[in-house]
Amino acid sequence: MDNDQLFPSKNRYQHLVYYVALWNLLYIIFGLAFLYPNVPEDEKNSVLCFLALFLFLPIFMLTITSLSDPGIIPPKNEIDQIILQVESKELSPDEAGLEKDDRGQWVRFVPNKFGGKDKEKYCKTCNI
């Protein structure tokens with residue numbers, strides 16, 4: 001099996017989208033059947049927009065959340081060359097832009113789009 005392949009996710013909570021959709025639909029039906037007839041004529045359009053927002057926004061957000069699980073990221077077989085050079089003392093950690101955190105893992109600082117620096121940790125078990 002190719003090591004760079006991402007395996008599909010086994011998201012156990014994807015069915016929550018359907019439950020939320022069902023409950024929201026029941027709330028909307030209740031609101032339209034019993035509350036909507038008592039709303040003044042000039043406010044009926046805004047109430048419909050409000051009800052539609054309450055119906056579709058939670059379903060949309062839960063769908064996006066359930067689809068955002070990346071699945072399993074398989075480990076790499078080979079060690080990062082820079083980490084290997086630093087551990088074999090061919091290269092100093094300062095030259096490589098590395099340092100160890102409080103757990104003893106290598107940390108690399110990479111520039112982000114805002115002009116600051118983000119930490120990028122290296123997992124020795126997974127070689128990622």
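In this predicted model, the charged end of Lys44 sits over the ring of Tyr36, at 4.7 Å from the ring centre. A charge is said to sit over a ring if NZ of Lys or CZ of Arg is within 6 Å of the ring centre and within 35 degrees of the ring normal. Lys100 has its charged end over the ring of Trp106, 4.8 Å from the centre. Residues are numbered from 1 along each chain as its sequence is written. Because the model is predicted, local features need pLDDT of at least 70 and side-chain atom pairs count only at pLDDT 80 or more, while totals for chains, interfaces and linings use all residues; side-chain values use heavy atoms, with hydrogens and water left out.

Rings can also meet other rings. A pair of aromatic rings is described by the distance of the centres and the angle of the planes. One aromatic pair is found in the structure: Phe30 and Phe34 are tilted, with 5.2 Å from centre to centre and 45 degrees between the planes. Rings of Phe, Tyr and Trp (its six-membered ring) pair if their centres lie within 6.5 Å, and planes under 30 degrees apart count as stacked, over 60 as edge-to-face and the rest as tilted. Both Phe30 and Phe34 belong to helix 1 (residues 16–35), where they are four residues apart, about one turn of the helix. Helices (H or I, at least four residues) and strands (E, at least two) are DSSP runs, numbered from the N terminus. Phe30 is partly exposed, at 45% relative accessible area, and Phe34 is exposed, at 55%. Here, buried means under 20% relative accessible area, exposed over 50%, and partly exposed in between (1.4 Å probe, protein chains only).

Another phenylalanine, Phe50, lies in helix 2 (residues 44–67) and is partly exposed, with 49% relative accessibility.

Two residues other than glycine have a positive phi. For Lys89, phi is near 65 degrees. Lys89 is found in the loop between helix 3 (81–87) and helix 4 (93–96), and is exposed at 74% relative accessibility. For Asn127, phi is about 60 degrees. Asn127 lies in the segment after strand 3 (117–121) and is buried, with a relative accessible area of 12%. The Asn127 side chain reaches the backbone oxygen of Lys76 at 3.3 Å.

How values were computed. A polar contact is a pair of N or O atoms within 3.5 Å; within protein, one must be able to donate a hydrogen and the other to accept it, and residues adjacent in sequence count only if both atoms are side-chain atoms.
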